[in-house]
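Dear colleague,

Please find below the structure that I am handing over to you. My notes on its salt bridges follow.

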Amino acid sequence: MLEEQREHFDTLILGGDLIDPGTGRFGRFDIGIRQGRIARVAPSLAGSVAEQVVDARGQLVTPGLIDLHTHVYWGATYWGIEADPVASRTGVTTWLDVGSAGAYTFPGLRRYVIEPSRVRIFAFLNLSSIGLVAPTWEFANLDYCDVELAARMIETNRDVILGVKARIDTNTTRGVGIRPLELARKLADELGVPLMVHIGDGPPTIDEVAAFLRPGDILTHCFTGATMRILTPEGKLHPTIRSLRERGLVLDVGHGAGSFNFTVAEALLAEGILPDTISSDIHQLAIQGPMFDLPTTLSKFLALGLSLPEVIERVTVRPAQLLGRPELGCLAEGTPADIALFRLIDGNFTFYDVALQARQGRQLLINTVTMVNGRILPRTEPSPLHLWAELPEHQRTIRKIGHPFRAQPMVLEVRDAGA
C-alpha cells in the first residue's frame with residue numbers, strides 16, 4: 001500500500017542547486033521526469049521511485065542551454081561543427097544555426113543535420129542563397145540575394161526557420177555596399193520574422209547598419225572590437241544603438257573567433273549595458289579557442305562581474321522567448337526535460353578574448369550531464385576538424401595555452417534505482 005502512494009518517475013535528479021530564472025526557482029530542489037517531461041520540481045522527492053537516479057549533490061542544475069548563434073552545418077559549409085557531440089559536454093540542448101544555409105542549401109541542413117540530431121536545432125536563413133559554403137563573400141554577388149526564393153523556403157519550413165541572417169562587413173559584402181542588408185530587411189518585414197545582423201570590420205559603417213535595424217532584431221557580435229563596434233570614440237554606447245535597444249533591439253554576444261573584445265565589453269558593462277543574450281558563435285575555428293564552448297564563454301562573463309543567475313538567464317529564458325519557444329527556457333512542470341548539470345569550479349583561471357587579451361577569473365563552469373527530452377546524451381567524439389580549419393596566426397598560441405581547465409571534467413554518478 002505504501003508503495004502505491006510513492007510517486008513514480010522515469011528519472012530523478014536529486015540534491016542539485018537549481019538555477020532557473022524562468023520560474024524564479026533558486027536553491028535546493030529535486031526534479032522528477034516522466035515520459036520526457038518535467039513532472040515534478042520539489043524541495044525533496046527522495047521518497048519517490050525511479051528507474052534512474054542522478055545524484056546531483058554539489059552540482060548546479062539549469063534548464064538546457066540555448067545558444068542563439070551557432071554553425072552546425074558540418075561537411076557542407078566552411079564553418080559547421082557537429083552539434084550532438086559538443087552538446088553532450090556543454091549542456092547546450094537548443095541550437096540556433098544562423099545563416100549557415102541559404103535557400104539552395106537549406107534542404108540539406110534540414111534532412112542531414114536538423115532531423116537526425118538528438119538536440120533541438122532551429123535556423124535563421126541566410127539571405128544569400130548559397131549560405132556559408134565558403135568562409136565569406138556570400139553577398140559579393142547580388143545575384144545570390146534572391147528574396148523571392150528565400151521567402152518561399154522560409155514559408156515552407158516555418159517550423160524550424162525562425163528568422164533571417166545577414167553578415168554585413170567589408171569581406172562579406174565586398175563592393176556592393178549596404179544593398180544586401182536592405183534586401184534582408186525587406187525579406188524579414190514581408191514575413192514578419194526577426195533579422196539577425198552580424199557586424200565586424202567596415203565598410204559599411206555602424207551608422208549605415210543601424211538605419212536598417214528594428215525592435216525585435218538581433219545585433220550579434222555586440223562586443224566586437226572591429227571598426228563597426230557599437231562604442232563611440234569616447235568609449236560610450238553609440239547613441240543610435242542605445243535608442244534602438246531601448247525600443248527592443250537585442251544585443252547578442254556571438255563570441256566566435258573574431259568578435260569578442262574584453263575592452264569593449266568592460267566599457268559597455270561599466271555603463272550598465274549588459275548583453276541581452278550570450279551566445280558562442282561556435283564553429284570550426286572558434287571551438288579550438290579562445291572561445292572553446294558556451295560554458296567557457298559564460299565563465300568569462302562571470303569574470304567580468306555578472307552573477308550566475310544573470311549569466312544563466314541569458315542562455316535560457318531570454319533566448320527561448322526570442323525564439324518563441326518559452327517552454328525550452330525553464331524547468332516548469334509539463335515542459336520538455338531539457339536539463340544541464342554543471343560543476344562550478346573555484347580557482348584561478350585565465351580567459352582570453354579573440355585578440356588574446358587576458359583576464360583573470362575565479363570560477364569556471366564545467367558541464368557534467370546534458371539531457372534532452374529526459375534522456376542523457378552520451379559523450380561521443382566529434383569528427384576531426386576540416387583540413388582548412390586553421391586558426392589565424394595571432395591566435396595559434398592558444399593551442400599551447402589550452403582550455404582554462406585542462407583536466408578531464410568529472411562526470412556525475414548515474415545509478416540504477418536499485419543500486
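**Salt bridges in the predicted model**

Arg185 and Asp217 are both buried (under 20% relative accessible area, where exposed means over 50% and partly exposed in between, with a 1.4 Å probe and protein chains only). Their side chains form a salt bridge (a side-chain nitrogen of Lys or Arg within 4 Å of a carboxyl oxygen of Asp or Glu), with an N to O distance of 2.4 Å. Because Arg185 belongs to helix α6 (residues 179–191) and Asp217 to the loop between α7 (206–210) and β11 (218–220), the pair ties together parts that are 32 residues apart in sequence. Helices (H or I, at least four residues) and strands (E, at least two) are DSSP runs, numbered from the N terminus.

This is a predicted model, in which local features need pLDDT of at least 70 and side-chain atom pairs count only at pLDDT 80 or more, while totals for chains, interfaces and linings use all residues. Residues are numbered from 1 along each chain as its sequence is written, and side-chain values use heavy atoms, with hydrogens and water left out.

A search of the whole structure gives 20 salt bridges. One of them joins Arg40 to Glu7, with the closest N and O atoms 2.4 Å apart. This pair links distant parts of the chain, 33 residues apart: Arg40 is in strand β3 (residues 37–42), and Glu7 is in the loop between α1 (2–5) and β1 (8–20). Arg40 is partly exposed, at 30% relative accessible area, and Glu7 is partly exposed, at 27%.

Glu115 and Arg110 also form a salt bridge, their closest N and O atoms being 3.2 Å apart. Finally, a network of salt bridges links Arg245, Asp276, Glu313, Arg314 and Arg318.

Kind regards
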